[in-house]
Amino acid sequence: MIEKVAFGLVTAVALGGALGVVAARNVFVSALWLVLSFIGVAGLYALLGADFLAATQVLIYVGAISVLILFAIMLTSNVMSDERANNRQAFLAFIVASSVVAALGVLGYRTDWPVTWGDGATIVRVEAAAAGGAVGASAPVTATDGAAGQPAGNTDGVNRDENVVQLGTALLGEHLLSFEVISLVLLVALIGAIVIARD
Amino acid sequence: MTPTIALWWYLLVAAALFSIGLFGALSRRNAVGVLMGIELMLNGANVNAVAFWRYTGPSSGGGLTGMDGQVFAIMVIALAAAEAAVGLALIISIYRSQQTVLLEDFTSLHG
């Protein structure tokens, strides 16, 4: 019950903020609504059990990208301008967006997803890591970390930090190549942004 | 035990976020507004990835550690940061030369 209430609240914040972004006339007000929407999405991540992602969302989106957007707005347009915010294709865009949400909603509801949901997701995941340890190359690291990293008082077999530990192991093991490529992309993009914005 | 909130609720929220962002990206006159719409669309896709990770990921044999959904989401966040930095730098650069951020005034490549 409390989970449903929390889901409703977080969803209202995320979607209300998003609606504010597209409904506000002033682009500065849009950016402020965008911050609210990002916070709502962070709440969704927290509800889904992705605690590290929720913190990352707050740090990067709310802390960095929003500030970047606000800076760009103040460096370019007249903040107080109250001109027409939408172009002539707004009605067409509304039709396209509503058909997209209708199609995706019907697909999401009617498809028989292979949902695997245990008694507690953490326990399921620890068991999965232990089972993968027999065949996998990087899984034993996780399993050893989970056993050795247990605090003394936590003997129920559930590692509370297992989410972050597994994420780090996955990023630097299985997904090492994409991790390195993404850091290179980020570096190149930021250097490019500096070069473009300077002259 | 079934989850309290069915998976399709999260999918619906993600689809709504994506569509609102799509509307913003298609209908805004201000280039910064279009970028904000794109950020909303990326967030919607991210919610989808994390929801599928939570509901079908851990024991469905996707990867060795079963964290693919969250890794995807982190990649998308990093790409979104890069995209925002480059996009806003472009907008600032165009504003320097054209004195406008309205997309219909960007016509120097118009034949």
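Helix axes here are lines fitted to C-alpha atoms over the stretch in contact, and the angle between two of them runs from 0 to 180 degrees between N-to-C directions. Keep in mind that this is a predicted model.

**Exercise 1.** Work out how helix 1 and helix 2 of chain B are oriented to each other.

*Solution.* Start with the geometry: helix 1 (residues 7–27) and helix 2 (residues 31–56) of chain B have axes 7 Å apart and pack at about 165 degrees. Next, the cut-off: angles over 145 degrees count as roughly antiparallel. So helix 1 and helix 2 of chain B run roughly antiparallel. Their crossing is left-handed. Finally, check who sits at this contact: 20 nonpolar residues, seven polar and no charged.

**Exercise 2.** Describe the side of chain A that touches chain B.

*Solution.* First, the head count: 83 residues of chain A contact 67 residues of chain B. Then look at the elements giving two or more residues on the chain A side; among them are helix 1 (2–23), helix 3 (51–76) and helix 8 (176–198) of chain A. Helix 4 of chain A gives the most, with 12 residues. By class, this side of chain A has 54 nonpolar, 23 polar and six charged residues.

**Exercise 3.** Find how helix 3 of chain A lies against helix 2 of chain B, and which residues meet.

*Solution.* The two axes come within 11 Å and cross at roughly 170 degrees. That makes helix 3 of chain A roughly antiparallel to helix 2 of chain B. Sorted by class, that's nine nonpolar, no polar and one charged.

Notes
Residues are numbered from 1 along each chain as its sequence is written. Chains are lettered from A and ligands numbered from 1 in the order in which they are written. This is a predicted model: local features need pLDDT of at least 70, side-chain atom pairs count only at pLDDT 80 or more; totals for chains, interfaces and linings use all residues. Helices (H or I, at least four residues) and strands (E, at least two) are DSSP runs, numbered from the N terminus. Angles under 35 degrees count as roughly parallel, over 145 as roughly antiparallel, 65 to 115 as roughly perpendicular and the rest as oblique. A crossing is left-handed if the near helix is turned anticlockwise from the far one by less than a right angle, and right-handed if clockwise. Ala, Val, Leu, Ile, Met, Phe, Trp, Tyr, Cys and Pro count as nonpolar, Asp, Glu, Lys and Arg as charged, and the others, Gly among them, as polar. Two residues are in contact if their C-beta atoms, placed from the backbone, lie within 7 Å.
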